[in-house]
Amino acid sequence: MSSLQRVGVSLFTLIALVSIVLAAATIWLFVTNPVTVANAVNEGEISPLVRSLAEAIYNALSGLLKYL
């Protein structure tokens, strides 16, 4: 039972961290590139938004890894 609880807590932590990173990147994208977000919402095409979101996450992680 103990190992099942550890796996559950680890899985919850992983999902929470991914959600926090995606939320932060989305907020950052709203602030830094509102035209892309507005166009994606207006046209209903999500691929530019996802591309910009992935680019923002990649830039953040690469900047973080430079300090390590």
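Trainee: Let's start with V18. Is V18 buried, partly exposed or exposed?
Mentor: V18 is partly exposed, because its relative accessible area is 44%, between the 20% and 50% cut-offs. Keep in mind that this is a predicted model.

Trainee: Where is V18 placed?
Mentor: V18 is in helix α1.

Trainee: Which residues make the nonpolar surface patch?
Mentor: L11, L14, I15, V18 and L22. The patch covers about 450 Å².

Trainee: Back up a step. How many helices and strands are there?
Mentor: Three helices and zero strands. Along the sequence the pattern reads α-α-α.

Trainee: What box do the C-alpha atoms fill?
Mentor: Roughly 50 × 35 × 15 Å, taken along the principal axes.

Trainee: Now the inside. Which residues form the largest nonpolar core?
Mentor: There are five: A25, L29, V37, L53 and I57. Helices α1, residues 2-32, and α3 each give two or more residues to this core. In general, nonpolar side chains in soluble globular proteins tend to be buried together.

Trainee: Take A25. What does A25 touch, not counting residues up to four places away in sequence?
Mentor: L53 and I57. Both of those are core members as well.

Trainee: Next, S52. Is S52 buried or exposed?
Mentor: Buried, because its relative accessible area is 16% and the cut-off is under 20%. S52 belongs to helix α3, which runs over residues 47-67.

Trainee: Which residues is S52 in contact with, leaving aside neighbours within four places in sequence?
Mentor: L29, N33 and T36. L29 is also in the largest nonpolar core.

Trainee: Then T36. Where is T36 found?
Mentor: T36 is in helix α2, residues 34-43. T36 counts as buried, because its relative accessibility is 17%.

Trainee: How far apart are T36 and S52 in space?
Mentor: 7.9 Å, C-alpha to C-alpha. In sequence they are 16 residues apart.

Trainee: Switching to F30. Is F30 buried, partly exposed or exposed?
Mentor: Partly exposed, because F30 has 45% relative accessibility. F30 sits in helix α1.

Trainee: What separates the C-alpha atoms of F30 and L53?
Mentor: 9.8 Å. Along the chain, F30 and L53 are 23 residues apart.

Trainee: Last one, A16. Where is A16, and how does A16 count on accessibility?
Mentor: A16 is in helix α1. A16 counts as partly exposed, because its relative accessibility is 27%.

Trainee: How far is A16 from G63 in space?
Mentor: 22 Å between their C-alpha atoms. In sequence, A16 and G63 are 47 residues apart.

Terms used
Residues are numbered from 1 along each chain as its sequence is written. This is a predicted model: local features need pLDDT of at least 70, side-chain atom pairs count only at pLDDT 80 or more; totals for chains, interfaces and linings use all residues. Side-chain values use heavy atoms; hydrogens and water are left out. Helices (H or I, at least four residues) and strands (E, at least two) are DSSP runs, numbered from the N terminus. Buried means under 20% relative accessible area, exposed over 50%, partly exposed in between (1.4 Å probe, protein chains only). Contact means heavy atoms within 4.5 Å. A nonpolar core is a set of buried Ala, Val, Leu, Ile, Met, Phe, Trp, Tyr and Cys residues joined through side-chain atoms within 4.5 Å. Patches are made of residues with over 30% relative accessible area and no salt bridge: like charges are joined within 9 Å, nonpolar side chains (Val, Leu, Ile, Met, Phe, Trp, Tyr) within 5 Å. Accessible areas come from the Shrake-Rupley method with a 1.4 Å probe; for residues, only the protein chains shown count as cover. A salt bridge is a side-chain nitrogen of Lys or Arg within 4 Å of a carboxyl oxygen of Asp or Glu.
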